[in-house]
Amino acid sequence: MTTPLPDGLYESVVTPRLQARLSQTTSTADIQQIPRAQLPAVIGRHVGTAVERFLESLPEEEHLAAVEQLVAMLGPDLDAAATTQLLHSVWPADSPFPRRPTTPLADGALFTNARDEPTLGSELALEMESADSVDLLCAFIKFPGIRVLEPQLRGLRERGVPLRVITTTYMGATDHKALDILVNEFGAELKVRYELASTRLHAKAWLFRRNSGFNTAYVGSSNLSRSALVDGLEWNVRLSSVAHRSQILKFTKVFDSYWDQAEFEPYHPDVDGDRIHKALTDARGGGSGRSVIALSGLEVRPYPYQQLMLNALDTERTVFDRHRNLLVAATGTGKTVVAALDYVRLCPANQIDRPTLLFIAHRKEILAQSLRTYREALGDGNFGELFVDGERPTRWKHVFASIQSLSASLDELPLEWDVVVIDEFHHAHAAGYRRVSAELTAGEFLGLTATPERHDGFDVRSLFDSRAAYELRLWDALEQDLLCPFHYYGIADNTDLRGITWQKGNYDQAQLSELYTGNHARVHLIMKALQNKIVDPGTMKALGFCVSVEHAEFMTAQFTKHGVRSAVVIGTTPREDRRRHVDALKAGDIQCIFTVDVFNEGIDIPAVDVVLMLRPTASPTIYVQQLGRGLRRSPGKALLTVLDFVGHHRADFDFSARFTAMTGHTRRRLEQEVASEFPSLPGASRIVLDDVTKKEVLDAIKRATAATDIRALCRDAAAIGIEARLKEFLHESRRTLDEVYRKDRSWTNIVLRTSEQEAPPREEQTLLNKMHRLRTVDDPERIAAYTRVAEGLLRGTPVNGDDPWTRMLVDFLMPKGKLESYDDALRHLSTFPRALNEIVQLMEAALDNIAAVPEPLIGSLSGLPLRTHARYQREELLSALGWTSNVRRPGQHREGVAWCEASNADLLLINLHKSAKDFSPTTMYRDIPVSPELFDWESQSTTSQASPTGKRYLNQNPASTDVVLAVRNAPEDELGTAAFTLLGTADLVSHHGDRPIQIRWKLRRSMPPHGGSD
């Protein structure tokens, strides 16, 4: 009798036997198609298990024959198992065979330092004897741990085996002497992350690479200390490249990427000994923890997110000729470093005749630190002069001045500067700043701020044509560990907001205040939440955002009544009282400050570890700024707890917008994240919603999605006027191209429907359906070229069908079917004026896509119509590289590679995630950026080193053939087929393996900070 399957989660291939058991099961089965990229691994694993069971059922003497029969069925290229013997090693004849680890190389294991198993230390020692390279990653290294492995570490050096070590100064746990021994005695290459407040490196792991391909790794709880290696209660898992290929591959790629990151700095005892000693002493609490005054001598290099800011400034100036720019980023994210590096780029190469600079701030501490940052970036300890608190410049070339000093001496100062930078630019609306700004002229003007919206409602972006050159996203800052991680709890508070008047995009504040003030039931719920979510409310340092002064005073009285000492700080609070309350919160004398105004500077308290959201905030920008008040790092502060009390909102209130701002996810992705409880948040941050709040968020997402259907878009178009151009519509409606376009919808469709005209004929609609894929065009030359072609066809003026830019557009619009000629194709396209007009308008709107200065390919392909770091569709890339012709059409191409004989180049089309739907650890680390210059790529499974394609890859050099890399996150984006980011030409660094070949490429231009994945 067939037994039914028990309820639970499965990942089993559906077979007739399994289907029979399912038929006997009363529960509902969820059966899905295996993703194509995972099919070989999943089916291979299933078949391997079946073969193992089959062999176990046979007598031992029949095993070999059965295997040979099976292998013969799979094809002649597979090597049959001809014997029952195992090759154990191949070693130089004049040397004894190395000892082997206790665990077979092909197996995994769990080591717990238990009585009847090898210790981790003994197993690591055996692994070293046969390793061809060793990598170690651990948070701290102890001297006794080095001595446990001393013979093997010495053996590595004697055999010339590379040893790479990454560690940190966190908590001062590392022994300085241990690092010196590793480098001086054992020849290790060592890199250190210097940190005090936190560590992003908690991993403890070893990787042993072998030229034979039998790599092994250990991942677990053990740092390099004697107790961890010998007798501590430590757990460590052993991985094998045979049993855990994808995990070993991931280890290799991630370690290599860490090794190339600037935050892990090389350690040389003779050069860095004093620095490491001070860092370890400070981390143990033995020093001041402050930076030394002298220049460090280290090169100031931007983090990836800072590079994005620099790229944005370069784009604003080079592409748009904008020389008055604003950067918006949270406090603590290094805006001043960006300003300093930007200034370095503006300096001439000889560094002699530097541009004049005026840096303005409102506090001496900010000016002194900023001067130090500029000196570090320039490598010049004499750069710049202070103009603050009685200090007065003598040279007046590079001045760091307080606004107070400038205001008092404006008539005596130079008014023309090459570069003016104003820090904390949200002060710019104040009278003193306005007066100074009105008098100054600058070739380059740069404002820096964390809070563009002031408490008086003024938005400083209005001084920059209502735009910022770059705004650092919250999730980027969290990913970089620049801000304190947060735990957000969305808690339903049972208040009904649906009857509150909605006006000008927000609730009526007076009605909200009346609803919340005096609401004792809500206070009871808030106090209960504090008890449930906060370890000890009596020691918290909380900030509560209220809707009105009356509400803040009510909450202060209620908290104090319940034993949580609190105070009110609002815009009218006297400065002395404000300072006293803030000091009391820092000291723990009170537990909470209630405020109405998020932009009140007196409430900028890094020690805040609890934020209470006690009012609905419609603006996601303001919400994130409120959240940001608690995201500053502070000693002893592990995380920020956010309690957001959520009512039943009216349909006008987009409750989902705050989560989009917090996570960076699109609404479609956000819906998945909410349903699966936000599994992909950066770092240690978490978002937890109760059932009622989760429903509010999902309902809001559905409402927001409905707001982008064609009926809503048509209502906006009618209100703005159907004669408006696409760019004007986007500006007036505050919508994006992603909201306008769909696979089956274009701007023309919206205009026709709004004006109640007939839908386009099928062939014209086919062209219009391609427009959503052109919305990502982001380089000015292609925008100009496509506009020129479309306008020429509309006017009836000649368009050159042999022009490569023209061919790119034709190949994109008409990818299938033989063309008589490109000129004939252009004549055909000219019969669709509405589609051509849409191309013109879409290219006009696409100018806002430009986020980096595009550059030609480096090398022999520089004359092609391609620009590195720009985004392209497959058809455009194939066309530009000459793969296409009027006979061979881009729609015929389906592979991830293309040999383009016309340009003598191999095009590699790379999906970082083979499936857009699922996380696939078996495929996602095959093709991956290792560093800004290095990219690891795996050839097609049928490509051997001896094949013509393999030889071309491995013999590649600029004098023979080129390799061009283009990468995208996944095959599809929110609207359909995703665009590739063109990384550019690359050169061979190394390779190993066969069918497939694993190759490491070095890009000739560093990839963009997002690595080509948007």
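Where is histidine 869 found? Histidine 869 sits in the loop between β26 (867–868) and β27 (871–872); here helices (H or I, at least four residues) and strands (E, at least two) are DSSP runs, numbered from the N terminus. The structure is a predicted model, in which local features need pLDDT of at least 70 and side-chain atom pairs count only at pLDDT 80 or more, while totals for chains, interfaces and linings use all residues. Residues are numbered from 1 along each chain as its sequence is written, and side-chain values use heavy atoms, with hydrogens and water left out.

Histidine 869 has a relative accessible area of 14% and is therefore buried. The term buried means under 20% relative accessible area, exposed means over 50%, and partly exposed lies in between (1.4 Å probe, protein chains only). A polar atom of the histidine 869 side chain lies 2.8 Å from the backbone oxygen of serine 1006. Such a polar contact is a pair of N or O atoms within 3.5 Å; within protein, one must be able to donate a hydrogen and the other to accept it, and residues adjacent in sequence count only if both atoms are side-chain atoms. Apart from neighbours within four places in sequence, histidine 869 is in contact (heavy atoms within 4.5 Å) with Asp778, Thr981, Leu982, Arg1005, Ser1006, Met1007 and Pro1008.

Arginine 782 forms a salt bridge with aspartate 779, at 2.7 Å from N to O, and another with glutamate 876, at 3.0 Å from N to O. A salt bridge is defined as a side-chain nitrogen of Lys or Arg within 4 Å of a carboxyl oxygen of Asp or Glu. Arginine 782 belongs to helix α31 (residues 780–795) and glutamate 876 to helix α35 (residues 874–880), so this pair ties together parts that are 94 residues apart in sequence. Arginine 782 counts as buried because its relative accessibility is 0%, and glutamate 876 counts as buried at 2%. Elsewhere, salt bridges that share partners join Asp135, Arg164, Arg209, Lys253, Asp256, Asp936 and Arg1000 into one network.

Threonine 787 is also found in helix α31. With a relative accessible area of 16%, threonine 787 is buried. Its side chain reaches the backbone oxygen of isoleucine 783 at 2.7 Å. When residues up to four places away in sequence are not counted, threonine 787 touches Val840 and Met843.

Helix α6 (residues 150–159) shows how one helix is placed among other elements. Within α6, Gln152, Leu153, Gly155 and Leu156 are buried. Seen down the axis of α6, these buried residues fall within an arc of 155°, so they line one face of the helix; the arc is that of the directions from the helix axis to the C-beta atoms. An α-helix has 3.6 residues a turn, so residues three or four places apart point the same way. The face of α6 turned away from the buried side carries the exposed residues Pro151 and Glu158. The cover over the buried residues of α6 includes α4 (120–130), β2 (133–137), α5 (143–148), β3 (163–168) and α7 (176–184). Just after α6, glycine 160 takes a positive phi of about 75°.

Arginine 147 pairs with glutamate 185, and their closest N and O atoms are 3.9 Å apart. Glutamate 185 lies in the loop between α7 and β4 (189–193) and arginine 147 in helix α5, so the pair ties together parts that are 38 residues apart in sequence. Glutamate 185 is partly exposed at 32% relative accessibility, and arginine 147 is partly exposed with a relative accessible area of 28%. By the salt-bridge rule, the count comes to 58.

Two further sites complete the picture. Alanine 661 has its place in helix α22 (residues 657–663) and counts as partly exposed at 21% relative accessibility. The C-alpha atoms of alanine 661 and valine 624 are separated by 7.0 Å, although the two are 37 residues apart along the chain. Leaving aside neighbours within four places in sequence, alanine 661 is in contact with Leu474, Trp475, Pro620 and Val624. Leucine 39 lies in helix α2 (residues 39–56) and is partly exposed, with a relative accessible area of 36%.
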